[in-house]
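Subject: Handover of a structure and notes on it

Dear colleague,

Please find the structure below, together with its sequence. My notes on it follow, and I would be grateful if you would read them beside the model.

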Amino acid sequence: MSKRMAVLHMEPPAIFFLKLGIAAICFQLSLLYISVDILYQSFRTYAYIHYAPALEYVAMSVTLVIGGALLIDYIWKTQKENGGDG
């Protein structure tokens with residue numbers, strides 16, 4: 001039997017960073033939803049105009065977390081291959 005390699009295997013520090021970042025993004029989204037819901041009850045049109053650009057910050061956060069996790073994974077794997085030498 002041949003040993004199957006995972007296509008996307010991330011090192012434990014990168015997975016930890018990814019989990020922590022996704023938790024922070026979920027917290028950010030929940031706070032955004034609460035504030036939109038409060039404003040939506042009184043000013044419906046203003047809520048759409050005011051909070052629509054805020055979704056760009058959430059998308060940017062997702063991009064930074066995924067990119068950061070991949071960078072940590074790359075650095076970790078490079079250090080393992082080089083034996084810890086700089």
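The notes rely on pLDDT, which is the predictor's confidence in each residue, from 0 to 100. Helices (H or I, at least four residues) and strands (E, at least two) are DSSP runs, numbered from the N terminus. Among the elements of the chain, helix 3 (residues 54-81) has the highest mean pLDDT, 92, and helix 2 has the lowest, 77. The average for the chain is 84, and 87% of the residues score at least 70. Where pLDDT is low, the predicted coordinates should not be read in detail.

As to the source, this is a predicted model, in which local features need pLDDT of at least 70 and side-chain atom pairs count only at pLDDT 80 or more, while totals for chains, interfaces and linings use all residues. Residues are numbered from 1 along each chain as its sequence is written, and side-chain values use heavy atoms, with hydrogens and water left out.

Overall architecture

The chain contains three helices and zero strands, and its elements run α-α-α from the N terminus on. Of its 86 residues, 17% count as buried (under 20% relative accessible area; exposed is over 50% and partly exposed is in between, with a 1.4 Å probe and protein chains only). The chain exposes about 7,200 Å², of which carbon and sulfur atoms supply 70%; accessible areas come from the Shrake-Rupley method with a 1.4 Å probe, and for residues only the protein chains shown count as cover. Among contacts (heavy atoms within 4.5 Å) with a separation of 6 or more, 71% are between residues 24 or more positions apart.

Helix packing

Helix 1 and helix 3 pack at an angle of about 175°, with their axes 8 Å apart. Axes are lines fitted to C-alpha atoms, for helices over the stretch in contact, and angles run from 0 to 180 degrees between N-to-C directions. The two helices, helix 1 and helix 3, are therefore roughly antiparallel to each other; angles over 145 degrees count as such, those under 35 as roughly parallel, 65 to 115 as roughly perpendicular and the rest as oblique. The residues of this contact divide into 18 nonpolar, four polar and one charged. Here Ala, Val, Leu, Ile, Met, Phe, Trp, Tyr, Cys and Pro count as nonpolar, Asp, Glu, Lys and Arg as charged, and the others, Gly among them, as polar.

Helix 1 (residues 12-42) also packs with helix 2 (residues 44-51), at an angle of about 150° and with axes 6 Å apart. That angle makes helix 1 roughly antiparallel to helix 2. By class, their contact has eight nonpolar, two polar and one charged residues. On the helix 1 side these are L32, S35, V36, L39, Y40 and S42, which meet R44, Y46, A47, Y48 and Y51 in helix 2.

Individual residues

D73 is found in helix 3 and, at 7% relative accessibility, counts as buried. Leaving aside residues up to four places away in sequence, D73 touches H9, M10, E11 and A14. The C-alpha atoms of D73 and M10 are separated by 6.0 Å, although the two residues are 63 apart along the chain.

L64, also found in helix 3, is exposed, with a relative accessible area of 57%. L64 and G21 are 43 residues apart in sequence and 9.0 Å apart in space, C-alpha to C-alpha.

D37 lies in helix 1 and is partly exposed, with a relative accessible area of 32%. Its C-alpha atom is separated by 8.3 Å from that of A47, ten residues apart along the chain.

With kind regards
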